Amino acid sequence: MSARSRDAQICTATRAAQVTGGAAEWGGKRAQDALALVRRHGQAGDLPCVICGMPIDYSLRHPHKQACTVQHIKPRATHPHLTWEQSNWAPAHADCNTAQGSRIAVGLGLVSPWLS
Ligand SMILES: [Zn+2]
């Protein structure tokens, strides 16, 4: 491979990273799809809340405090590149998720329950 084509490949990779990178904002259609996926897997596997360990009633919907939400195992604040990484998602109660906020302690080292 010539140096020139190797450079071209690096350029392409960098451009791809710029397109997907920095998309740390959680919301819109992507977040809805993420929640649907987490809820589907959570319901199928009867997965408990990743924060408090209690069961989740997957029939509940936002804005119910016990509804299923997407918890980022590694927080977006410190791991923005993992925002849309499915292995970084896990089900959690809405109020647990809110209470935890962007604090790091809970959940670090955990692996998403359906991909482990
Ligand atoms: Zn909980």
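**Entry 1: the metal site**

I began with the angles at the zinc ion: its 4 donor atoms subtend 100 to 117 degrees, and the arrangement is therefore tetrahedral. For four donors that label requires all angles to lie between 85 and 135 degrees, and I note for reference that the ideal angle for four tetrahedral donors is 109.5 degrees. This is a predicted model, in which local features need pLDDT of at least 70 and side-chain atom pairs count only at pLDDT 80 or more, while totals for chains, interfaces and linings use all residues. Residues are numbered from 1 along each chain as its sequence is written, and side-chain values use heavy atoms, with hydrogens and water left out.

Which atoms coordinate the zinc ion? I found Cys49 (SG), Cys52 (SG), His93 (ND1) and Cys96 (SG), at 2.1 to 2.4 Å. Donors here are N, O and S atoms within 2.8 Å of the metal (3.2 Å for Na, K and Ca), and since water is not among the atoms, sites may look incomplete. Along the chain the donors of the zinc ion are spaced as C-x2-C-x40-H-x2-C. Cys52, in the loop between α2 (28-45) and β1 (68-72), and His93, in strand β2 (residues 89-93), are 41 residues apart, and the pair links distant parts of the chain. For these elements I used DSSP runs numbered from the N terminus, with helices (H or I) of at least four residues and strands (E) of at least two.

I next checked accessibility, where buried means under 20% relative accessible area, exposed over 50%, and partly exposed in between (1.4 Å probe, protein chains only). His93 is buried at 2%, whereas Cys52 is partly exposed at 37%. Cys49 lies in the loop between α2 and β1 and, at 2% relative accessibility, counts as buried. Which residues touch Cys49, leaving aside its neighbours within four places in sequence? I listed Met54, Ile56, Pro91, Ala92, His93 and Cys96 as being in contact with Cys49, contact meaning heavy atoms within 4.5 Å. Cys49 and Cys96 are 47 residues apart in sequence, and their C-alpha atoms are 8.3 Å apart in space.

Gly53 is found in the loop between α2 and β1 and, at 44% relative accessibility, counts as partly exposed. Its C-alpha atom is separated by 8.7 Å from that of Ala92, which is 39 residues away along the chain.

**Entry 2: the tryptophans**

I then searched the whole structure for aromatic pairs and found 2. The rule takes rings of Phe, Tyr and Trp (its six-membered ring) with centres within 6.5 Å, and calls planes under 30 degrees apart stacked, over 60 edge-to-face and the rest tilted. Trp26 and Trp84 have ring centres 4.6 Å apart and planes at 20 degrees, so this pair is stacked. Trp26 is in the loop between α1 (3-20) and α2, and Trp84 in the loop between β1 and β2, 58 residues apart. Trp26 and Trp89 form an edge-to-face pair, at 6.0 Å centre to centre and 75 degrees between the planes. That pair also spans distant parts of the chain, as Trp89 is in strand β2, 63 residues from Trp26.

Trp26 is partly exposed at 26% relative accessibility, whereas Trp89 is buried at 5%. I recorded Trp26, Trp84 and Trp89 as one aromatic cluster. Arg30 lies over the face of Trp84, at 4.3 Å from the ring centre; a charge counts as over a ring if NZ of Lys or CZ of Arg is within 6 Å of the centre and within 35 degrees of the ring normal.

**Entry 3: the strands and the whole chain**

Why is β1 described as largely enclosed by the rest of the structure? I saw that 5 of its 5 residues are buried, and this is the reason for the description. Cys68, Val70 and His72 cover one side of β1 as buried residues, with Thr69 and Gln71 buried on the other. β1 and β2 run antiparallel and are joined by 5 bridges, where strand pairing requires that DSSP find at least two bridges. Gln71 stands opposite Ala90 in β2.

Asn88, in the loop between β1 and β2, is buried at 4%. Beyond its neighbours within four places in sequence, Asn88 is in contact with Gln71, His72, Ile73, Lys74 and Leu82.

Last, I noted that the protein has 3 helices and 2 strands, in the pattern α-α-β-β-α along the sequence. Of its 116 residues, 31% count as buried.

Definitions and conventions:
Tetrahedral: all angles 85-135°; square planar, octahedral: opposite > 155°, others 65-115°.
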